[in-house]
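Here's a quick briefing to read with the structure open. Take a look at the fold first, then work through the points below.

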Amino acid sequence: MKIFCNYIVLIISFLFISFSQSEKTVINILAKQPDMPETANAEEWEINYENLINSFLAEQSVGNPALKDVEISFSFYEYLPMKENGGSMYFGYLYEISPDLDDGIYDMMILDDRILFSEMSFMESDLVETYFYHRLPSIEIFHPLSEYVKKEELSFNNERTLRDGIYEGTIYGLPYEFDFDVLYYDDQNVDSINMINNMKEMTWDDLLTSIKSSTPNTQSIGLGDDNNLLDLLMEYASSRYQLTKKYDPLYYEIFYNKTGEEFFSSFYNFMIMYTNGNVDESIRITLDDAFADFKEKKSMFFKGKASHCNIIRSEMANTNSTFSYTLPPKYKTSVIEKFLAVNTNSKLDKNLLAEVALALTSKQAQLLRANKFGAIPTFDITKKDSIPEIKTYCTNQPYICDIIEKMDRVYIKDILKNEKSSPFVEIESFLPRLIRSYLDNSDIDGAVFAFKNIFTLLTDDLGIFKILSYIIVIAFSLFFLIIIFLIYKHKEHPYIKVISPIFCIMIIIGTTMNMCKYLQYVLPYTAFMAKFWFIYETITINLIYVPMFAVTYRIYRIFKTNLFMTNALDNKRLFIGISSVILAVIAYRAYIASIVSFYYLPIGSLRFTRFPVATFEGGDTLDNIYIIYLYGIFIALLFMMINTGRISRKFGDISYIFVIFILNISDFIVTRLLEKLSHINYPRYFFLIMLFNCLVSFFCIHLLIGSRLLFVLMFPDNINANSILKSSDLKEFVPLTSRKKYNKLLKKFKENISISFKSKKNSSVNNLSYISKPYNVNSRSNKNYSLYTSANTGLNSKLNSGFKSPNNDSVFQAQNNISSMSNSLNHNRMSPNSQYFDLSTSPRSIINLSSFNDDNSPTNYNFTSPFLNQKYNGYSPNSQQYSPNSQQFSPNNQQFSPNNQQFSPNNQQFSPNNQQFSPNNQQFSPNSQQFSPNSQQFSPNNQQHSPNNQQHGPNSQQHSPNNQQHNPYNQQFSPNN
């Protein structure tokens, strides 16, 4: 019966314990194992540490019921000093724990300042998001604690340590522990004591000299841990140079300028001498191995952490030696700050986690860990007289408090940071490996290159080529502005107006801005400039795409319709529509810029080179809408371009549409070259790329308007195109000409442009007008061509004004036509109400014979098109009279055919032998006034125009206001002639 009762009691106790334990909330905390696991006996140390923390929370639960049913479970990560494959343990640690933090396996994490906010940098790295699945893991993974604790409650902590756990005013990490580098030494060694007394004034080189004068032994130093290697390098540099912005804003240049080569040579020599040539071994041994050498007196000093004091004391107690520690040379010591952070992905209540975090980082908890494990509290030692816990600590540990006050803290993250530096997570992941390579192979250039990539970008050091790039961009921009001015000046010319000069100007402005956009890769780099270039590129793209769309649509409609629909394609309406679209898109993108976060994500890494590229986070959906909009415009452009080309069958005539393709291809090439070219001779490459970009922009503008503008500038016409375009078909003005004929036209004009002829005294000077194929004559919608091919119904020949007849392969160039004859033709055949009345006063190519001198002086030829430089209206009955007896026009008395058109000196007969115009034999000699070498001669007696014979009145575009009359005896066309 007694045994049965005992069983009952045990069962009840077990159930009670099980029930009690099931009610406890277990909080999992991730931490790194001690960095001297063998010396500290890591397994035992971890158990003791967890038990101590749970005991402390149990005590604290008396005053804080929220902690009553809380149990802490630590997960200590096996942080090996050196990976077997030589990779970064720091990177491997972060890579492996990131998924666990995302899954909420760990509720809290103890991490140091080289992990917390290590990704924060204006120039970010794609390494973070690629491997850790977050762009800013410190604020995306860890929960903000500002709503649970006020900053004033943490004022007992060191101000800098507290600030390092805060980002943009929000607390993410509560100060947990503090640590720093010290040198342990045998306090019974006289040589060591002498060195310690002068440590404040010594550099590392001085210390090495003293060591070598005392002992020839190899000095062991544990640099297998990435942090320890960086600490030694920065402490060595700090003992030689002032690495602070207060002293020198450009202090970091000592790592890669001429001083840099000297520095790395000196550090290499220091390591060789310190290890007696065993550098390869020292940069890979652990702290445990280095301490073992120190304990066996193989090394005079052991470089460790202040927190190792309790571990070393327990180990040294087994020997007859005593030890002490001191700050490194110049008292420059690298510090480590540890924080406790709450995981946002934890499934536990955040209020509970915040309460536990506050308890574990309290003054009492820090003091407890200092007494039991030798941890260094984050106390502000300057407040030891006002805060009892700090006073108690300094009473128990006076030496530590003393050296904390004396130390000159070295913050590695601060030294390796400027406005363009890589984030520290990238530096810590790759720099230690590069330093080991430099020490193994004496690769000083490699070390200098690595440090230069930390602080500079590929486009920083352009030198004189940066100035030259600015010069060529500005020069081309000014030239393009001149082109814009000329387009505006000649905007009424048909060849210019048909392609909408205002839209061409907008495209040229966009092309110019596109040419200048690559200057964004040169300083300065700020968030504001990133937003500016974001909106700038929006303006650039839309000033090219949208007006190009309008111009293409305009040409498309011209070719698709028989008549130019001025109401639908009015420039003013199109301009208002285009401007509205562009302004709306700019406003839309400006809104995106205002709600997203801009930052720079350089292409490359410190192992190679870094090229600055601005990007933003957020607004992906809004940005995708904008991209769809651009693709829509592009597809519409492609569709209209193909259809217009198919209809006109003259793709080359509207080839300027390919501007958008050329610019896109050029942008791709230029961007890739800027990003990928080697840093060697990069300034020269940059200048050449800028020059190439300017030339491509120039070519695009020439393709857009160059041929037309050149033609207009060489042979200007002061006309008002509205008068001849208001009812005409603009289809004929779209293509300029084929390349071969256009070049031939220019050559002909160049040969004759310098020739001028003296006018006969008291005679009017008329223009010899000529133009070669200014529009598509084969088009059946060409009303002027139709006019000439149908004007003489029933005749055996058709008037062909220098163009190819559909029914005849022969080509007739610039038929002579007397002005009065053409006026009579129009007067007799064209009704004033005809839609072609304004354009029917002359054929397409007319040679107006001017008056000539008696002394055979050359005639003044002005090569302009009457179709482009005059408005031909009807003849007024009062200003131009026709005699029925002297000038008759009938099918029987005047026939225009290639074979019977004769013009004699006395009766104005056209004969095939007197005037022949062919592309091959039309020559102009300034001495003989001959258009044809053998057959076409013009003499003063053949055709004379006196002021009284042919004058134009104001109603019919006459040069003389009142007296334009045609003498019937001067110009007669008889049936026999």
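**Packing around Phe 180**

Leaving aside residues up to four places away in sequence, Phe 180 touches Gly 304, Lys 305, Ala 306, Leu 327, Thr 333, Ser 334, Val 335, Ile 376, Ile 403, Ile 404 and Met 407. Keep in mind that this is a predicted model.

**The cores**

- Phe 180 turns up again in the largest nonpolar core, which has 118 residues: along with Phe 255, Phe 301, Leu 416 and Phe 451, Phe 180 touches the most other members.
- As background, nonpolar side chains in soluble globular proteins tend to be buried together.

**Strands β6 and β7**

- Strand β6 (residues 174-186) runs antiparallel to β7, and 5 bridges join the two.
- For Tyr 184, the bridge partner in β7 is Phe 302.
- Strand β7 (residues 301-305) is largely enclosed by the rest of the structure, because 5 of its 5 residues are buried.

**Helices α10 and α20**

- Helix α10 (residues 226-240) and α20 have axes that come within 10 Å and cross at roughly 80°, so α10 is roughly perpendicular to α20.
- On the α10 side, Asp 226, Asn 227, Leu 229, Leu 230 and Leu 233 meet Phe 424, Glu 428, Leu 431, Pro 432, Ile 435 and Arg 436 of α20.
- Sorted by class, that contact between α10 and α20 has 7 nonpolar, 1 polar and 3 charged residues.

Methods
Residues numbered from 1 in each chain as written. Predicted model: local features only at pLDDT ≥ 70, side-chain atom pairs only at ≥ 80, totals over all residues. Heavy atoms only, no water. Core = buried A, V, L, I, M, F, W, Y, C linked by side-chain atoms within 4.5 Å. Buried < 20%, exposed > 50% of the residue type's maximum accessible area, 1.4 Å probe, protein only. Contact = heavy atoms within 4.5 Å. Helix = DSSP H or I, 4+ residues; strand = E, 2+ residues; numbered from the N terminus. Pairing = 2+ DSSP bridges. Axes fitted to C-alpha atoms, helices over the stretch in contact; angles between N-to-C directions. Parallel < 35°, antiparallel > 145°, perpendicular 65-115°, else oblique. Nonpolar A, V, L, I, M, F, W, Y, C, P; charged D, E, K, R; others polar.
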